[in-house]
Amino acid sequence: QGSFVLSPDEPEETENNKIIAMIIPSDGTGGRRVDYIMGATEYLDEKGWFLTIHNTNDDPEKERKFLLELPRNGVSGIIYYPSARNNFDILYKMHLKKYPIAMIDKYCHSIPLNCVVSDNFKGGYEITKHLIELGHKKIAYMANPYIEESSSVRDRFFGYCKALDDYGLEIEDSLIEVGLFHEITNELDRPIDQIDFFERKIKGLLSKNTGMTGIVAENDYIAVYAKKALERLNMKVPRDISVVGFDNVEMLEQLDISLTTVDQDFHEIGRKAAEIVVNLVETKEYSCDVHFIPVNLIIRASTAPVGI
């Protein structure tokens, strides 16, 4: 009896019920993150569980609020898509308390959590290998985050590097452009044309690398901007430069952009994450594993042999 004080930064769950929450950032109308939701819902429906969705809009403070409040409100477990490297203190407390949580899209070496991710290393390797086998030797890599910011982007980059090394090609610093998002954000105090931004970047790559014939983009949207920037430079894809993406965003097909890319099985990632969380709740057997979901290379019209 009496009064008790609970620290506002201490995730504390109340009585569990058959509800799993998904914390996820929105990716607008053109992305495929809804497939995570569909995969999780399919599994949970079969098991008699319910799913609630909590949109963070890429705001770390919203993520923090959800991570703290959902367990207190009786949510039995969480599927968590982090938008940034934040809230490690809460995640580690959840690990110590053995709270059922599975991270999707990214994984952390520093926090032992269950994670479900695409095999980004293999995807980066296969897409680069595809260009190399078409005769490309000078292949650029372009990414929005810095390599250290995101495990998914880092693994794609490492796959790119491994493919070049396996085929005896040099990994050239002058062909690598990362942190593009930060550069774009820093220019938001004035009007910015993203195609103009990528045109400047590609001009720089071409000026430093005579003979560059391929671009590996960290995602499909970068690949599209690169393609449009090349067209402004009076260069044709794939005649002059082959361009590849990552994610297989279906909306791009409707825009008549036939992009060679890597398809991720977002549906299976969501389904597997839901299965892990439910098993943690029902069996009380706590585990901390990274689960890699296979990817698939999709070859379309944005790549061609050198000289074609």
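Visitor: What should I know about the numbering and the model before we start?
Guide: Residues are numbered from 1 along each chain as its sequence is written, and side-chain values use heavy atoms, with hydrogens and water left out. This is a predicted model, in which local features need pLDDT of at least 70, side-chain atom pairs count only at pLDDT 80 or more, and totals for chains, interfaces and linings use all residues.

Visitor: Are the axes of H2 and H3 roughly parallel or roughly antiparallel?
Guide: Helices are DSSP runs of H or I with at least four residues, strands are E runs of at least two, and both are numbered from the N terminus. The axes, lines fitted to C-alpha atoms over the stretch in contact, with angles from 0 to 180 degrees between N-to-C directions, come within 9 Å and cross at roughly 30° for H2 (residues 60-72) and H3 (residues 88-97). Angles under 35 degrees count as roughly parallel, over 145 as roughly antiparallel, 65 to 115 as roughly perpendicular and the rest as oblique. So H2 and H3 are roughly parallel.

Visitor: Which residues of H3 make the contact with H2?
Guide: Contact means heavy atoms within 4.5 Å. H2 contributes Arg64, Leu67, Leu68 and Pro71. From H3 come Asp89, Ile90, Leu91 and Met94.

Visitor: Is H1 roughly parallel or oblique to H10?
Guide: The axes of H1 (residues 34-47) and H10 (residues 266-283) come within 6 Å. They cross at roughly 45°. Therefore H1 is oblique to H10.

Visitor: What span does H4 reach from its first C-alpha to its last?
Guide: H4 (residues 120-133) has 14 residues. The expected span is 1.5 Å times one less than the number of residues, and for H4 that expectation is 20 Å. The span in the model is close to it, at 20 Å.

Visitor: Which residue with positive phi follows H4?
Guide: H4 itself has buried residues, including Tyr125, Ile127 and Leu131; buried means under 20% relative accessible area, exposed over 50% and partly exposed in between, with a 1.4 Å probe and protein chains only. After H4 comes a residue with phi near 100°, and that is Gly135.

Visitor: Is Asn86 buried, partly exposed or exposed?
Guide: Asn86 is found in the loop between strand S3 (77-80) and H3. Leaving aside neighbours within four places in sequence, Asn86 is in contact with Pro60, Tyr80 and Leu91. Because its relative accessibility is 30%, Asn86 counts as partly exposed.
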